[in-house]
Amino acid sequence: MRDLADWTRLAAQLTPGSVVPCAPLSALTTLRIGGPAGLVCRVHNVDQAREFQAFAARHDLACERLGGGSNVLADDAGFPGLILKVETHDFERRGDTVRAGAGLPFDHLIATTLREGLVGLEFASGIPGTLGGAVVGNAGCYGHEIGEFVLEATVLRPDGRVVVVGPDAFGFAYRDSALKSTRAVVLDVRPPAGRSLAGSRRRQGHARRRRRGLPRPCEHHRQPRRGDQRRRPAPRRAHADGRPGAFPDRPRAGGPASRPR
Ligand SMILES: Cc1cc2nc3c(=O)[nH]c(=O)nc-3n(C[C@H](O)[C@H](O)[C@H](O)COP(=O)(O)OP(=O)(O)OC[C@H]3O[C@@H](n4cnc5c(N)ncnc54)[C@H](O)[C@@H]3O)c2cc1C
């Protein structure tokens, strides 16, 4: 069992200023629970992520990833290992998409894309935590999930390789992704934003329809309608005694023979 002096000695071997020995997890989680973690390493870039992960492997330390701590129940006994607290905050616009650091607070990312005149991610406004945490847990609400929108991500794999992975590697499911089990550290993410989002949603809709063998929606569905065409049609004619007439297209219980005349 290592004590504060041991953790401090280990911390001294790492990039100064980014590692805190015996930091309480309660300060890093939304529920404000959790005892001390051996080393909390703040990851600001790919090189630091590599350095910290390799250090954990070399010293045979357990290694956990942490974003905003909004979906974590930390143990009161603490964590006798190394926490990679992802704080990659870079943001770069690329046409109608963005590349964003996984450590960006999700709400901050949404506000930034809106300021840039890009729209699309605001369905998730209010979900606490970071972009990386949202991707790993496939966070969502109001019928949408972040997994619908992620194009690719840069991840650090447990074997130390940094790779850019596409949708095939994410394995998104309800509030789940393959990134949880592969234990990769997500460093940055490319979610589409802006005009492309509408396009990508439409493309996904078409792909879903193709998979189910359904036809593409007709072009006229996207045209503005004159009046409300979904209204129930009026009866063709009333009966002589004042009863409303039959809807000729509607099947009736008992079949056509029971149709009122
Ligand atoms: C008040 C409240 C409301 C919420 N509302 C919603 C909601 O509407 N919809 C919803 O889906 N969730 C909701 N959540 C849950 C939570 O906000 C989300 O799951 C969020 O996306 C977690 O992000 P985080 O950065 O806090 O992740 P953390 O809690 O820090 O981590 C969660 C998991 O992801 C892993 N992880 C985090 N970052 C990385 C990374 N960069 N690389 C690899 N692994 C990583 C961690 O190891 C951990 O396993 C809510 C939580 C709270 C407290």
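**Close-up views of a predicted model**

**View 1. Helix H3 and the residue that follows it.** Just after H3, Gly117 adopts a positive phi of about 85°; helices here are DSSP runs of H or I with at least four residues, strands are runs of E with at least two, and both are numbered from the N terminus. This is a predicted model, in which local features need pLDDT of at least 70 and side-chain atom pairs count only at pLDDT 80 or more, while totals for chains, interfaces and linings use all residues. Residues are numbered from 1 along each chain as its sequence is written.

**View 2. The buried side of H3.** Within H3 (residues 106-115), Phe106, Leu109, Ile110 and Thr113 are buried, meaning that 20 or more other C-beta atoms, placed from the backbone, lie within 10 Å of a residue's own. These four cover an arc of only 100° around the axis, which puts them on the same side of H3; the arc is that of the directions from the helix axis to the C-beta atoms. An α-helix has 3.6 residues a turn, so residues three or four places apart point the same way.

**View 3. Val86 in strand S4.** Val86 belongs to strand S4 (residues 79-86) and counts as buried because it has 29 C-beta neighbours inside 10 Å. Leaving aside residues up to four places away in sequence, Val86 touches Val43, Arg65, Gly67, Ala102, Gly103, Thr130, Gly132 and Val185, where contact means that the C-beta atoms, placed from the backbone, lie within 7 Å. Although Val86 and Gly67 are 19 residues apart along the chain, their C-alpha atoms are separated by 5.6 Å.

Definitions and conventions
Buried ≥ 20, exposed ≤ 12 C-beta atoms within 10 Å, placed from the backbone. Contact = placed C-beta atoms within 7 Å.
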